[in-house]
Amino acid sequence: MILSMTGFGKALSTYKGYAFESEVKSLNSRYLEITIKLPSLLQNKEYEIREALKNLLRRGKIYISLSIRPEENENETFFLNESKLKELLGVFGRIKSDYGVAGEVKLDHIINFRDIFTPELDELDDDHIEHLKLVVIEAVKQLNQMREAEGGALAKDLSERIRLIDGYLADVEKDYSGKVAEYFSELKRRVIEITENSNINPDRIEYEIAMIADKADITEECVRLRSHLNFFLETLEKENEAGKKLNFICQEMHREANTLASKSLSTEAIHKSVQIRDEIERIREQVQNIE
């Protein structure tokens, strides 16, 4: 099962007088990058939480936020810590009276102090911390469920595009059948016309023409491209961390499609090669979102 790198998860739980909430979202990234937003009470637990996340996630830009509030405030979307607010206003008053600072205290000045929106919390014990980790794990579980669902949709779309390319490739092979032999005959006819009265060895001429015609043969490119298509599907089906490998296969497919287009003698084959490259480019964009 492949995973998309974008998703969102959220978990809430109450335990021993506190309500815990964790939100986690992930975006595309070549590596695992974790950004954690914690209340001041949990700043010393950031390392533990980061290490726990490393065991649960492999790639992506991860943003996780944790909040804790007293259970009685569980359903409040916004919390005003009135004691902190009074304390803050008192400090402002003393600054004005004791140090002669002029001016009015406005709302803009107050809302920059985040502590007035944070409830007073007592020190958490080890059980609280262990419960908090369970909440984080549940949020990551929700995140991964979304990533699995998106990964399944991606895999279906990619498989259909690979089959589409396979169809284009079959059209190229069918159209190209006999083209190299025709090219050889036409070259030979034209060279014989030009060298009709010369003393050049006819066998030598035929050898050189055969070498030129051989460079227009696209059989090897078709075989290699089809092999890459099969390898892509196999990787998609069997690999858990397929993103980087699929990206590499895309590069190889693109290389073969370019060579196919540059060597083709047939206009129809060139047009199909362009369609193949377009599909590979779409696949490559999709693959960037696979873990």
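**Glu 256**

I started with Glu 256, which counts as buried at 6% relative accessibility (buried is under 20% relative accessible area, exposed over 50%, partly exposed in between, with a 1.4 Å probe and protein chains only). A note on what I am reading: this is a predicted model, where local features need pLDDT of at least 70, side-chain atom pairs count only at pLDDT 80 or more, and totals for chains, interfaces and linings use all residues. Residues are numbered from 1 along each chain as its sequence is written, and side-chain values use heavy atoms, with hydrogens and water left out.

I found Glu 256 in helix 8, residues 243-263 (helices are DSSP runs of H or I with at least four residues, strands are E runs of at least two, and both are numbered from the N terminus). Which residues does Glu 256 touch, not counting residues up to four places away in sequence? I get Glu 221, Arg 224, Leu 225 and His 228 (contact means heavy atoms within 4.5 Å).

Setting aside residues up to four places away in sequence, I see Ile 209 touching Phe 184, Leu 187, Lys 188 and Val 191.

Buried or partly exposed? Met 211 is partly exposed, with a relative accessible area of 41%.

**Rings**

I looked for aromatic pairs and found one in the structure (rings of Phe, Tyr and Trp, the last by its six-membered ring, pair if their centres lie within 6.5 Å; planes under 30 degrees apart are stacked, over 60 edge-to-face, the rest tilted). Phe 92 and Phe 113 make up the pair, edge-to-face, at 6.0 Å centre to centre and 70° between the planes. It links distant parts of the chain: Phe 92 is in helix 2 (residues 82-99), while Phe 113 is in the loop between helix 3 (107-110) and helix 4 (126-176), 21 residues apart. I logged Phe 92 as buried, at 16%, and Phe 113 as partly exposed, at 39%.

I also noted that the charged end of Lys 25 sits over the ring of Tyr 63, 5.5 Å from its centre (this needs NZ of Lys or CZ of Arg within 6 Å of the ring centre and within 35 degrees of the ring normal).

**Helix 1 on helix 4**

I then checked how helix 1 (residues 46-54) packs with helix 4: the angle is about 35° and the axes are 11 Å apart (axes are lines fitted to C-alpha atoms, for helices over the stretch in contact, and angles run from 0 to 180 degrees between N-to-C directions). From helix 1, Glu 48, Ile 49 and Leu 53 meet Ile 129, Leu 132, Lys 133, Val 136 and Val 140 of helix 4.

**Lys 16**

Last, I looked at Lys 16, which has a positive phi of about 45° although it is not a glycine. I place Lys 16 in the loop between strand 1 (7-15) and strand 2 (18-27), partly exposed at 45%. Leaving aside neighbours within four places in sequence, Lys 16 is in contact with Asp 125, Asp 127 and His 128.
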